[in-house]
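Dear colleague,

Please find the structure below for your records.

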Amino acid sequence: MTMPVTLEPSVRVPYRRRVAARLSVAAARILIRASPGRLRRVLTAAGRGARPATEQEALTARQAVISVSVQCAGQGCLQRSVATALLCRLTGCWPTWCTGVRMEPFRAHAWVEVSGRPIGERDEIRFYSKVMTVPPSDGRRRRTDHGQEAQ
């Protein structure tokens, strides 16, 4: 049985931005096949040293990703969120990348947010509990209480 999919509307994106969005979507397609731990490590490394994204930067990146990929415009939330974060990084910023679950009915979802506000998501996102996040970092490594480096 198939599930009906509503595609998000796309916007007109300049040529250079479209190329960058396609590269981000292609990289995301590869990354989402990695284990959750490896995906988190890669995204943490990618975001290191970037300034926090603004809501407008994250929304513009998300719209560009949606405009070049039918998968990302539909039910490909993991690929869409990773591609959005990577496209933001190409411009020197980083949103908070999040994954979460909802119990009734059970669903998993991935998205980006800025200052705790989900970007381009429906109101039902408030029912999701975050499982994993990759926030913007200042690029410096911190030491834990046990002398190990923390990301």
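Arg51 and Glu57 form a salt bridge, their closest N and O atoms lying 2.6 Å apart; the term denotes a side-chain nitrogen of Lys or Arg within 4 Å of a carboxyl oxygen of Asp or Glu. Arg51 is partly exposed at a relative accessible area of 39%, and Glu57 is partly exposed at 22%. Here buried means under 20% relative accessible area, exposed over 50%, and partly exposed in between (1.4 Å probe, protein chains only).

This is a predicted model, in which local features need pLDDT of at least 70 and side-chain atom pairs count only at pLDDT 80 or more, while totals for chains, interfaces and linings use all residues. Residues are numbered from 1 along each chain as its sequence is written, and side-chain values use heavy atoms, with hydrogens and water left out.

By the salt-bridge rule, the count is four. In another of these pairs, Arg117 meets Glu55 with closest N and O atoms 1.8 Å apart. This pair links distant parts of the chain, 62 residues apart: Arg117 is in strand E5 (residues 117-118) and Glu55 in helix H3 (residues 55-68). Helices (H or I, at least four residues) and strands (E, at least two) are DSSP runs, numbered from the N terminus. Arg117 is partly exposed at 45%, as is Glu55 at 34%.

A salt bridge also joins Glu113 and Lys130 (2.5 Å, N to O). Glu113 lies in strand E4 (residues 107-114) and Lys130 in strand E6 (residues 129-134), so the pair ties together parts 17 residues apart in sequence. Glu113 is buried, with a relative accessible area of 5%, whereas Lys130 is partly exposed at 46%.

Yours sincerely
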